[in-house]
Amino acid sequence: IYREQPTRLPEAWAAAWTRTEHLLLELRAEAQRAGARFGVVIFPSQAELDPELGLGYPAGRIHAFCEANQIPVLDLTPVFAADPEQRRAYLKHDKHWSALGHARAAAATAEWVEEAGLLR
């Protein structure tokens, strides 16, 4: 999932990406039919925060897709990566967010929703 050209099951991954992008467009259309605004928030795994690992492909692909399709998008990767104590945002044993990680994501998302005018 983290590579543009996966070595295992490349056809399956290509189909999965196509389906994901199609579903995002369907969700946007459904939101528009309901009179709602639609945006996408990208949530990084802890591994994606390490620039040396080069695991930014999924976030970059979704970000580019959203921009190309005029879908408001927030990538939380820079928010988490900029924190010198970023490891505290994740649980030690299973890599899910800690309470701090959830609070950080919620604050950044709330600010973005307001700035992007998604609640008007």
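Guide: Helices and strands are here DSSP runs, a helix having at least four residues and a strand at least two, and they are numbered from the N terminus. The model itself is predicted.

We turn now to the rings. A pair of aromatic rings is described by the distance of the centres and the angle of the planes. Four aromatic pairs are found in the structure. In one of them, W17 and Y57, the ring centres are 5.9 Å apart and the planes meet at 80°, so this pair is edge-to-face; the cut-off for that label is an angle over 60 degrees. W17 belongs to helix α1 (residues 10-33) and Y57 to helix α2 (residues 57-68), so that the pair links distant parts of the chain, 40 residues apart. Both W17 and Y57 are buried.

A further pair consists of F80 and Y90, and it is tilted, with 5.8 Å from centre to centre and 55° between the planes. This pair, too, links distant parts of the chain: F80 is in helix α3 (residues 77-81), whereas Y90 is in the loop between α3 and α4 (99-115), ten residues away. F80 and Y90 are each buried. They also belong to one aromatic cluster, together with F43 and W97. The ring of F80 has a charged neighbour as well: R104 lies over its face, at 5.7 Å from the ring centre.

Helix α3, which holds F80, also contains T77. T77 counts as buried because its relative accessibility is 14%, and buried means under 20%. Leaving aside residues up to four places away in sequence, T77 touches I42, P44, E48, L49 and A59.

Most residues other than glycine have a negative phi. Q70, although not a glycine, has a positive phi of about 55°. Its relative accessible area is 73%, so Q70 is exposed. K95 is likewise not a glycine and has a positive phi, of about 70°. K95 lies in the loop between α3 and α4, the loop that also holds Y90. With a relative accessible area of 46%, K95 is therefore partly exposed, since that term covers values between 20% and 50%.

Technical notes: Residues are numbered from 1 along each chain as its sequence is written. This is a predicted model: local features need pLDDT of at least 70, side-chain atom pairs count only at pLDDT 80 or more; totals for chains, interfaces and linings use all residues. Side-chain values use heavy atoms; hydrogens and water are left out. Rings of Phe, Tyr and Trp (its six-membered ring) pair if their centres lie within 6.5 Å; planes under 30 degrees apart count as stacked, over 60 as edge-to-face and the rest as tilted. Buried means under 20% relative accessible area, exposed over 50%, partly exposed in between (1.4 Å probe, protein chains only). A charge sits over a ring if NZ of Lys or CZ of Arg is within 6 Å of the ring centre and within 35 degrees of the ring normal. Contact means heavy atoms within 4.5 Å.
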